[in-house]
Amino acid sequence: MSHVILDLVQNSVSAKADKVEIKLTASKRQDLLSVLISDNGKGMDEEQVRKATNPFYSTRETRDIGLGLPFAKMMAEQANGDFKILSKPSKGTNVYFSFRLSHWDCPPIGDLSATFVSLFIFHKEILVIFKVKSDDGSFTLSNQEIYKELSASQITEQWVIEWVREYFEKNLVNTLKEG
């Protein structure tokens, strides 16, 4: 699932968002794993929203296909989950998808720490907020929080990347383990 999140955040960046919030909620009590990606980008009109899950529709100029949204929708439907896009021109976009944790086709979460590190390194121009919540715990981390403590040249230093990765992974594992 982490590669889908990265792809959808890339959509937000392409839509000129300067703020992207990713909320991951895992609830064993509700048998639900959900993801909400919200941005303040240029948004889509109703026609674009309707076409957005067609893999042969894309607003990109580099290629004529877009697989992030169709793939997220397919994965959610296969795992008895839900998929929604709420968007308005000039207001941004919210993409929500969920899965039944107990379902055979519930996808693995993947390497979310690598996803956060990629966003941390390559998208300094936007605010990326990652919120993870379980039944009993939560944590939030934003790239801007970390940037405040570093000089621009330190952001791509290996020790910083490793620290960010380990910090995110430790908090992710602890939060999901608690729930």
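These legends walk through close-up views of the sheet, its helices, the salt bridges and the aromatic rings in a predicted model. Residue numbers start from 1 along each chain as its sequence is written, and side-chain values rest on heavy atoms, with hydrogens and water left out. As this is a predicted model, local features need pLDDT of at least 70, side-chain atom pairs count only at pLDDT 80 or more, and totals for chains, interfaces and linings use all residues.

**View 1. Six strands make an open sheet with mixed pairing.**
Reading across, the order is β3-β4-β2-β1-β5-β6. The edges belong to β3 (83-88) and β6 (138-142); each has a single partner strand, so one side of each has no neighbour in the sheet. From one strand to the next, the twist averages 10°. Strands here are DSSP runs of E, at least two residues, and helices are runs of H or I, at least four residues, both numbered from the N terminus. Two strands count as paired if DSSP finds at least two bridges between them.

**View 2. β1 meets β2 in the antiparallel sense.**
Strand β1 (residues 19-27) and strand β2 (residues 32-39) share eight bridges. Look for Thr25: its bridge partner in β2 is Ser34.

**View 3. Helices α3 and α4 lie across the strands.**
Helix α3 (residues 68-78) lies across β3 and β4 (92-100), at about 30° to β4. Helix α4 (residues 112-122) lies across β1, β5 (127-134) and β6, and runs at about 160° to β5. For these angles, axes are lines fitted to C-alpha atoms (for helices, over the stretch in contact), and values run from 0 to 180 degrees between N-to-C directions. Contact means heavy atoms within 4.5 Å.

**View 4. Lys131 and Glu21 form a salt bridge.**
The structure holds eight salt bridges (a side-chain nitrogen of Lys or Arg within 4 Å of a carboxyl oxygen of Asp or Glu). In this one, the closest N and O atoms are 3.6 Å apart. Glu21 is buried at 14% relative accessible area, while Lys131 is partly exposed at 31%. The cut-offs: buried is under 20% relative accessible area, exposed is over 50%, and partly exposed is in between, with a 1.4 Å probe and protein chains only. Lys23 joins Glu21 and Lys131 in a network of salt bridges.

**View 5. Asp111 and Arg165 meet in a salt bridge.**
The N to O distance is 2.8 Å. Asp111 sits in the loop between β4 and α4 and Arg165 in helix α6 (residues 158-178), so the pair ties together parts 54 residues apart in sequence. Both side chains are partly exposed, Asp111 at 31% and Arg165 at 29%.

**View 6. Phe116, Phe130, Phe139 and Phe168 form one aromatic cluster.**
The whole structure has seven aromatic pairs. Rings of Phe, Tyr and Trp (its six-membered ring) pair if their centres lie within 6.5 Å; planes under 30 degrees apart are stacked, over 60 edge-to-face, and the rest tilted. Phe116 and Phe130 are edge-to-face, 6.1 Å centre to centre with 70° between the planes. That pair links helix α4 to strand β5, 14 residues apart. Phe130 also pairs with Phe168: the centres are 5.1 Å apart and the planes at 75°, so this pair is edge-to-face. Relative accessibility is 1% for Phe116, 0% for Phe130 and 0% for Phe168, and each counts as buried.
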